[in-house]
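Please open the model in your viewer and keep the selection tool at hand. The stops below are meant to be taken in order.

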Amino acid sequence: MNHIFGFLLLLTVLLISGMAWESDWVQQKVNAEKFWNDKVSHHEGTVEFYENDVHSCWLELRKLRGNQNIEVQQHILSGLAPDAAVELYISHVQLTIEMCDFSQQQLQKSYDELETAKQMLSGAITQ
């Protein structure tokens with residue numbers, strides 16, 4: 001009789017510990033999904049920011065190129081020599097191009113990070 005109660009007690013302990021392990025596994029899966037879902041949302045926001053930044057940057061560059069004569073004339077009117085005004089304009093254009101290139105690189109990096117996060121989220125969901 002004691003063997004039966006011992007066996008039932010052992011079976012109950014194993015059943016409860018198995019349920020606790022499964023509950024722990026489910027919680028870890030939920031936490032992983034939430035973590036990667038948050039990462040995806042963050043990277044989507046970053047991508048959107050850099051897409052807007054790149055777009056604004058190229059619009060600024062187009063505006064600079066279209067207003068070349070006006071900008072050079074404004075520099076001359078503010079007291080710069082014509083050569084210095086042209087050099088200032090050229091350096092402004094070069095700086096804008098560098099900013100556009102940097103934003104484009106950051107955008108590509110953000111795309112890559114977003115893709116990685118999406119893959120990890122997909123893996124967390126299918127586990």
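Predicted model: local features only at pLDDT ≥ 70, side-chain atom pairs only at ≥ 80, totals over all residues.

Residues are numbered from 1 along each chain as its sequence is written, and side-chain values use heavy atoms, with hydrogens and water left out.

**Stop 1: Lys-34 and Asp-38**

Select residues 2–66, which make up helix 1. Helices here are DSSP runs of H or I with at least four residues, numbered from the N terminus. Within helix 1, pick Lys-34 and Asp-38, which lie four residues apart, about one turn of the helix. An α-helix has 3.6 residues a turn, so residues three or four places apart point the same way.

Lys-34 and Asp-38 form a salt bridge, and their closest N and O atoms are 2.9 Å apart. The term stands for a side-chain nitrogen of Lys or Arg within 4 Å of a carboxyl oxygen of Asp or Glu. Lys-34 is exposed at 53% relative accessibility, whereas Asp-38 is partly exposed at 39%. Buried means under 20% relative accessible area, exposed over 50%, and partly exposed in between, using a 1.4 Å probe and protein chains only.

**Stop 2: Glu-60 and Lys-63**

How many salt bridges does the structure hold? There are two. Select Glu-60 and Lys-63 for another of them, with the closest N and O atoms 3.9 Å apart. These residues are three places apart in helix 1, about one helical turn. Glu-60 is partly exposed, at 29% relative accessibility.

**Stop 3: Leu-61**

Now select Leu-61, also in helix 1. Is Leu-61 buried or exposed? Leu-61 has a relative accessible area of 1%, so it counts as buried. Leaving aside residues up to four places away in sequence, Leu-61 touches Val-93, Thr-96 and Ile-97; contact means heavy atoms within 4.5 Å.

**Stop 4: helix 2**

Select residues 68–77, helix 2, and colour its buried residues, Glu-71, Val-72 and His-75. Seen down the helix axis, these buried residues fall within an arc of 95°, so they line one face of helix 2. The arc is taken from the directions from the helix axis to the C-beta atoms. On the face turned away from the buried side, look for the exposed residues Asn-69, Ile-70, Gln-74 and Leu-77.

Methods. Helix = DSSP H or I, 4+ residues; strand = E, 2+ residues; numbered from the N terminus.
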